[in-house]
Structures are given as structure tokens and as C-alpha cells.
Amino acid sequence: MGITSSNKTVNVTTIPCGGSLNVRLSLTATPDILENPVDVVLLLDRSGSMEGSPLSSMKAGADTFIDILAEATGGSAEGQIGAGSRIGVVSFATAATADTALITDVAQLKDAVSDLTAGGNTNHAAAFTQAIDLFDAVSSNQKVIVLFTDGRTTQGGDATPIATMAKAMGITIYVIGLEGNGGIDLPALVSWASEPASAYVAIAPTEAELEDLFEDLARNITKPGATDITLTDTVSDCFRITGLQSPTKGSAFLQGTNRVVWNIAELGTTGSEGVSLEFTIMHTGDCSGLVEVNETTDYDDAEGNVVDFPSPTVTVDCGVIVVPEPCPKAIDIPVSGCEELVEFDAGDLDLSAQGRIVELDVTLERVCPKRRVALAAILTEVDDCGKEHQRGMKIFTIPAHTGTQCRDVSVRCIRFVLPELSDDPTACGCTCRDKTLRARFLANYVDSGVPCTCPCVSRP
């Protein structure tokens with residue numbers, strides 16, 4: 001079966017500047033169906049909410065699933081599921097019905113799917129019970145339930161204990177949910193599916209995507225298991241990794257501060273097997289808004305499986321940031337742990353001014369949208385007698401932001417170059433003397449005629 005599922009998820013959708021989130025990587029693998037035959041029960045929802053195009057799309061997906069397994073097991077020419085594998089069809093609404101036994105006849109399976117009609121409530125407990133009864137207890141075939149449902153339980157009891165019993169019996173449970181047809185109960189789907197749920201639960205936003213989900217699952221079921229797996233995940237430069245948990249299988253280690261490497265010797269070589277790895281990242285860059293969490297995810301194994309991972313995003317809310325003057329580019333200097341002397345060529349640097357450089361940041365609170373702000377920064381130096389001496393003033397026009405409500409605006413990198421000599425010619429002019437500085441800020445709206453409908457006092 002190879003890699004039957006791969007996923008990458010994050011635990012939150014929005015973080016503040018400097019905030020943290022968890023990233024979860026999941027993989028599922030199952031052995032080659034030719035050497036390890038499988039009994040699959042297609043557990044199909046035919047409740048009233050499936051009327052129309054959802055039912056038609058589900059039937060097309062189930063037919064595709066049957067065709068792919070028949071082709072992969074070498075039995076398609078005779079219209080049979082081959083290599084010892086079998087498929088059964090169970091449908092459910094108010095009650096559950098075994099529409100076929102576990103059989104190999106493709107035409108009979110498709111006829112059972114074609115004959116399904118929508119109507120009634122949704123009884124998941126009865127569905128799982130009927131599916132379990134269809135399996136042959138003495139068969140050595142792997143046992144798999146592929147549940148499709150489009151809604152919440154409206155008939156019968158809680159299906160979770162029955163699904164839990166099925167998994168304890170060695171039955172692997174995949175769940176396909178249709179999101180837009182009345183509201184699925186995602187926590188229930190997660191509790192029914194095999195673990196990790198991120199690898200065994202697939203949600204179709206619309207019925208048009210159902211056939212693709214059935215096809216992807218069927219093709220994955222026919223691949224071999226995976227060995228000598230190396231998964232390398234590199235996070236965006238906007239983040240750094242601050243914590244790494246032990247994976248559920250294999251070993252993982254960090255390379256620098258933004259890359260994790262996960263090694264697994266073998267996965268899914270004797271039965272369906274799901275694994276996961278979690279790590280914590282923290283926002284550290286200047287990026288804000290909708291940000292991709294990961295830069296790349298590279299997968300490799302001995303079987304040559306091609307595995308794709310989604311690219312999750314998170315909204316980083318840093319308010320509005322304005323840099324009126326360009327900040328100097330940072331230079332990284334590598335230092336090994338035991339080096340006593342480090343020599344590093346930082347390149348050419350033009351001397352722009354003499355004296356110490358002071359860099360100020362300020363936040364203007366609750367600035368109304370579509371209104372520019374005039375900002376003045378005044379810097380003075382206080383001598384030993386408490387007298388202030390002017391050291392500079394800068395004035396900026398802060399561009400208007402385009403938000404829908406008042407926002408804080410961060411103004412960064414306001415730099416002043418301070419002379420080292422005191423105003424008193426008799427005072428010490430040494431370059432290391434202590435200084436006492438005072439900064440004052442003045443801010444007011446430039447566009448005073450623009451109406452503002454929210455409290456919008458600007459304060460540094």
C-alpha cells in the first residue's frame with residue numbers, strides 16, 4: 001500500500017508577533033495488497049441529506065474505488081477483485097443494511113452501490129455494527145472499514161464505543177466526511193478513525209471532491225509499505241524551532257534553528273500503521289499577515305514513494321509596522337563552541353558619522369484608518385547638573401493604514417547620532433562616559449478632515 005496518507009497541520013490559525021504554535025507531521029503506510037490481501041467494507045451514508053448530487057458523487061467515488069482495487073489485484077480483466085482481497089458494501093440511514101457480503105465480483109458490487117437511494121436519519125452505531133459483522137473472524141486478510149458520511153448522528157446511540165471495539169479487533173478505520181451538506185461532527189469522526197486522525201480522516205468541502213478522495217485512498221491502499229524513510233521539514237525564516245517532541249516512531253533531531261529531520265526504519269510493512277511528530281515554533285521575523293509556516297518538506301524512502309504535504313498558513317498579527325528609515329542589514333558571525341579566537345571579515349563599511357548611535361522605537365496607539373500621522377521625535381542629553389542639551393529632532397509623516405478599524409502602528413528604527421564631546425569645553429570628552437538621555441514624541445493627525453467612527457487617540 002505504501003504511504004496511504006500524509007498530512008501537516010498547525011494547532012492555531014492566528015498568533016501575535018513573537019507568538020508560538022505547534023506543527024504536526026503525520027504519515028500512514030500499509031503493505032502491498034498483492035502479498036497481503038485485504039477485506040474492505042465500504043460503509044456508505046444514504047440518509048436523506050444525501051439526496052441528489054451528493055449521492056451521485058458518492059456512488060461515482062465508490063465505483064472508482066472498486067475499479068482501482070480490481071486493477072491493482074490483477075482481476076480487472078475478469079471483472080473480479082484478485083489476489084485474495086474482497087470488498088463488501090454496507091449502507092446506512094435510520095438502520096444499516098449489508099448490501100453485499102465480502103465478495104470479489106465487480107459487477108455485483110457496483111450494482112449494490114447503484115441501487116442505493118437516499119432517505120431517513122443517520123445511524124452511525126448501526127453502521128459500524130453491521131460492518132463488523134461482515135468480516136470473517138477466521139480470515140487472515142487485513143480488515144479495513146472505509147466510512148463515508150455527510151452528517152451528524154441523528155438516530156441510535158453513540159458510535160464511538162463500537163468503533164473503538166472494531167479498532168481493538170485489528171480493523172483499520174478510514175473516515176471520509178462531506179463538509180457542506182448539513183454539518184459533520186468532526187470530533188466524532190476523529191474518535192472513530194484510526195490514529196493519528198490527521199492521517200485517517202479526510203474531509204471533502206464539496207461533493208465534487210468525493211470521487212478524488214475515494215480514488216486517492218484506493219491507489220494508496222495498493223502500494224507497498226515504506227522503509228528507510230527520511231523526512232526533512234524546514235520552517236520559514238519567519239520562525240524558529242523552540243521545542244521538539246519525540247516522534248511516535250523513529251527518531252528526530254534538529255539541524256540549526258529552523259529544520260527538523262525525522263528518520264523511520266520501516267513503516268506499515270506488516271499492517272496499516274500511522275505515525276506522527278510534533279514540534280513548536282516561535283515567530284521571530286518581521287513578516288506579518290498570512291504567512292506560510294514551512295519553507296519545504298522533503299520526503300525520501302527506499303521504495304521511491306512520492307509523498308506530498310500541504311503547506312499550512314498562520315496569520316501573524318503584528319499590528320501596523322512603519323520603518324521610516326532603512327535599518328542596517330544584519331551580519332551573522334558563526335562561532336563554534338570551543339573556539340577561543342574568532343576572525344571574521346564583515347566586508348567594507350562606510351563611516352556615516354562620529355559618535356554613538358541611539359535607535360528608538362515607538363508605538364502610536366489606536367490610529368484610525370485612512371489617516372496619516374505627523375510624528376516628531378526629540379532627543380536631549382541631561383548633564384550632571386540636570387540641564388538638558390538638544391541632541392536632535394526628526395519629523396516623519398506616517399502613512400495611513402488600510403484596516404477597517406483603529407490599529408496600533410509601530411514606528412521602528414528612528415536613529416540619532418550623538419556627539420561624544422560635552423557642551424562644556426572643560427568637561428571630560430572620553431568616549432566611554434555615561435550618558436543620560438531623554439526622548440519626547442509628539443503626534444497628531446495630518447488628515448483631520450477624515451471622519452473617524454471609533455475611539456482614536458494617538459499616544460506614543
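Glu365 is partly exposed, since its relative accessible area is 26%, and this residue of the predicted model sits in strand β19, which runs over residues 356–367. Its C-alpha lies 4.4 Å from that of Asp408, although 43 residues separate Glu365 and Asp408 in sequence.

Leu25 tells another story. This residue belongs to strand β3, residues 20–30, and with a relative accessibility of 1% it counts as buried, the cut-off for that label being under 20%. Lys8 is 17 residues away from Leu25 in sequence, yet the two C-alpha atoms are 4.7 Å apart. Setting aside neighbours within four places in sequence, Leu25 touches Asn7 and Lys8, then Leu231, Asp233 and Trp262, and also Val275, Ser276, Leu277, Phe279 and Phe309.

In general, nonpolar side chains in soluble globular proteins tend to be buried together. Here the largest nonpolar core holds 65 residues, and the members touching the most others are Leu44, Phe65 and Phe128. Helix α1 is the top contributor to this core, giving eight residues. A separate core of 31 residues lies apart from it, with Leu25, Phe239, Phe279 and Tyr299 among its members. As for Leu44, its contacts beyond four places in sequence are Met58, Ala62, Val89, Val90, Ser91, Phe92, Val113, Leu116, Phe148 and Phe214.

Helix α1 also pairs up with helix α2 (residues 106–114): their axes come within 10 Å and cross at roughly 170°. The two helices are therefore roughly antiparallel to each other, as angles over 145 degrees count as such. On the α1 side the meeting residues are Lys59, Ala62, Asp63, Ile66, Asp67 and Ala70, while α2 brings Val106, Leu109, Lys110, Val113 and Ser114.

That leaves helix α7, made up of the 12 residues 210–221. At 1.5 Å a residue it should span 16 Å, and the 17 Å between its end C-alpha atoms agrees with this. Its buried residues are Leu210, Phe214, Leu217, Ala218, Asn220 and Ile221. Looking down the axis of α7, these buried residues fall within an arc of 165°, so they line one face of the helix.

Methods. Residues numbered from 1 in each chain as written. Predicted model: local features only at pLDDT ≥ 70, side-chain atom pairs only at ≥ 80, totals over all residues. Heavy atoms only, no water. Helix = DSSP H or I, 4+ residues; strand = E, 2+ residues; numbered from the N terminus. Expected span 1.5 Å × (residues − 1). Buried < 20%, exposed > 50% of the residue type's maximum accessible area, 1.4 Å probe, protein only. Arc of directions from axis to C-beta. Core = buried A, V, L, I, M, F, W, Y, C linked by side-chain atoms within 4.5 Å. Contact = heavy atoms within 4.5 Å. Axes fitted to C-alpha atoms, helices over the stretch in contact; angles between N-to-C directions. Parallel < 35°, antiparallel > 145°, perpendicular 65-115°, else oblique.
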